Amino acid sequence: MKHFKLLCFSLLISTSFFSAKSFADQKNVFVKAKSIQLKKDANNASESVAELSRGTELKVLATQGLWLQVELQNKVGWISKVFTSDIKPVGQAELLNDTKVNSDAKSSRRRSNEYAVSAAARGLTATERNRNSVNKQRSNRQAVADLDKVKVEDKEVDTFKKEGEEK
Amino acid sequence: MRVFDFQQEQTTRFTNQLKILTYLFVTPLILASQSSYADNPRLKNKDSVKEDTAKSNSTKSDPDDRAQKAKDLSDEITIGREMASKLYGTYGQYESDANKVKYLNLIGQSMTREVGRTEITFRVGILDTDELNAFATPGGYILLTKGLLKLVQNEEELAGVIAHEIGHINYKHLYKSVAPKRDVSVGETLTRIISLGKADMGASLIKSVQEGMNTLLDHGLKPELEYEADQSAVTYTWSTGYSHMAYLNLLQRLSKSVDTKAQVLKTHPSFSDRLNALNQFIKENGMQETSKLTPTKRNQRFKRYMLTL
């Protein structure tokens, strides 16, 4: 009994010591926005302390609702959580090209026949394929291709935003 | 009469002491080796902390992890593109002045450039139906119905609608529920063999697409996910210079004009529940109104592009 009590005591001490370390863990976040202002206070109208660009790593000091108090090179300020990410932001092209994964329209069109292929593998006739087809909705891939062609340049967005703020 | 055995007594005492020492010192040491205590950055020097942080956060440090992320993204885009094509196939593509679509995408980009997932290209299109609805498919496709666009009264409200859909995509609400499982089934292996490797996850992707369409058109997402998207709508607009209150105005107007049997209510919680949840969220987060009046230029361009629908 005495030894059991000693075991429990040592386990309790050990657990509380190691769990206390979690409060000391510092969390870093990354700026997800292309460009954003670090605010002096936790509100949109506050003056700017610094300008932050995408990928900048920030040390989180505190949280207040939707805002994070962060530190960067001895500057302390506030940034809305929506502009941050827990992982380092990466662009689509960078991620897909780097690992040679193809997600373009040609690949998508090739996949459109895959049901037929897999259905053939299951020995279904054309009639059965139509009747059992999971493609009950018609597809309009040309419309998606048209939408993919709509390009919006950064400068156009800059102009659009600036124009939108004019009273 | 018990004979006192001195040697046995010593042995017993020694054993007991050994046990005590074990409990007090060895147990903590065992726990230390199992826990992440050794990785506590507080115990390390600054250089190794920076290196470890960079390693854990860098997308280039773990090739397998990066390759997995790329495959997941590719699947997400493929599924989303197929779902978008089915929505266009179901409702029709609204073919009109290309400037309308570009205008919607400028609104979208002005927000996603700041708050959107950086690995996704967000696009906004128009469906040719008078039904009141908006859809977000995995991979960044946001499709708004002509009916909903006719009900919107200004660019602020339009930004709110788009921001709601951005929220769904950012949080992967739909994709998480339909994403193909990583383990390849026997049937899928057979499919790949017979198709000579051309059907790359064909069966499971198609299944994901169908499940996604069922969610979008039949039963909708869980209410808490819609509330989260509503919170995104007000947060993203508020954070990017739009009036977040405009989105509430739109929901209030929808609650009065939408028929109780409308399609949108099959797939979304009631407007009154959404408004209550949103008002609570806005109050809890102290979101002051930053833009009470719609700026002149926004009004003008909204009328130029949207009133001719």
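**Entry 1: confidence in chain A**

Over residues 19-24 of chain A, pLDDT stays under 50, and the model has 4 contacts beyond four places in sequence for them. Residues 102-135 of chain A also stay under 50. For that stretch I noted 43 contacts beyond four places in sequence. A reminder to myself: where pLDDT is low, the predicted coordinates should not be read in detail.

Which residues meet here? On the α7(A) side I listed A:Asp154, A:Glu156, A:Val157, A:Asp158, A:Phe160 and A:Lys161. Facing them in α4(B) are B:Lys102, B:Tyr103, B:Leu106, B:Ile107, B:Gln109, B:Ser110 and B:Arg113. By class, this contact of α7(A) with α4(B) has 6 charged, 5 nonpolar and 2 polar residues.

**Entry 2: a helix pair within chain B**

I then turned to α10 of chain B, residues 223-239, and its contact with α11(B). The two axes come within 8 Å and cross at roughly 135 degrees. In α10(B), B:Asp230, B:Ala233 and B:Val234 take part; in α11(B) they meet B:Tyr247, B:Leu248 and B:Leu251. I sorted the residues of this contact of α10(B) with α11(B) into 5 nonpolar, no polar and 1 charged.

**Entry 3: cavities**

How many cavities of 30 Å³ or more are there? The count comes to 5. I kept to the largest cavity, which holds about 190 Å³ of space. Its lining has 16 residues, and those nearest the centre are B:Ala134, B:Leu148, B:Leu254, B:Val264 and B:Arg274.

Helix α11(B) turned up again here: it gives the largest share of the lining of the largest cavity, 4 residues. In chain B, α6 (155-170), α11 (245-257) and α13 (271-284) each supply at least two residues of that lining. By class, I wrote down 11 nonpolar, 3 polar and 2 charged residues for the lining of the largest cavity.

Methods
Residues are numbered from 1 along each chain as its sequence is written. Chains are lettered from A and ligands numbered from 1 in the order in which they are written. This is a predicted model: local features need pLDDT of at least 70, side-chain atom pairs count only at pLDDT 80 or more; totals for chains, interfaces and linings use all residues. Side-chain values use heavy atoms; hydrogens and water are left out. Contact means heavy atoms within 4.5 Å. Ala, Val, Leu, Ile, Met, Phe, Trp, Tyr, Cys and Pro count as nonpolar, Asp, Glu, Lys and Arg as charged, and the others, Gly among them, as polar. On a 1 Å grid over the protein atoms alone, a cavity is a set of points where a 1.4 Å probe fits but cannot get out, and a pocket is an open set with protein on both sides within 12 Å along at least five of seven lines; lining residues have an atom within 4 Å of a point. Grid points are joined across faces, edges and corners, and a volume is the space filled by probe spheres set on the points. pLDDT is the predictor's confidence in each residue, from 0 to 100. Axes are lines fitted to C-alpha atoms, for helices over the stretch in contact, and angles run from 0 to 180 degrees between N-to-C directions.
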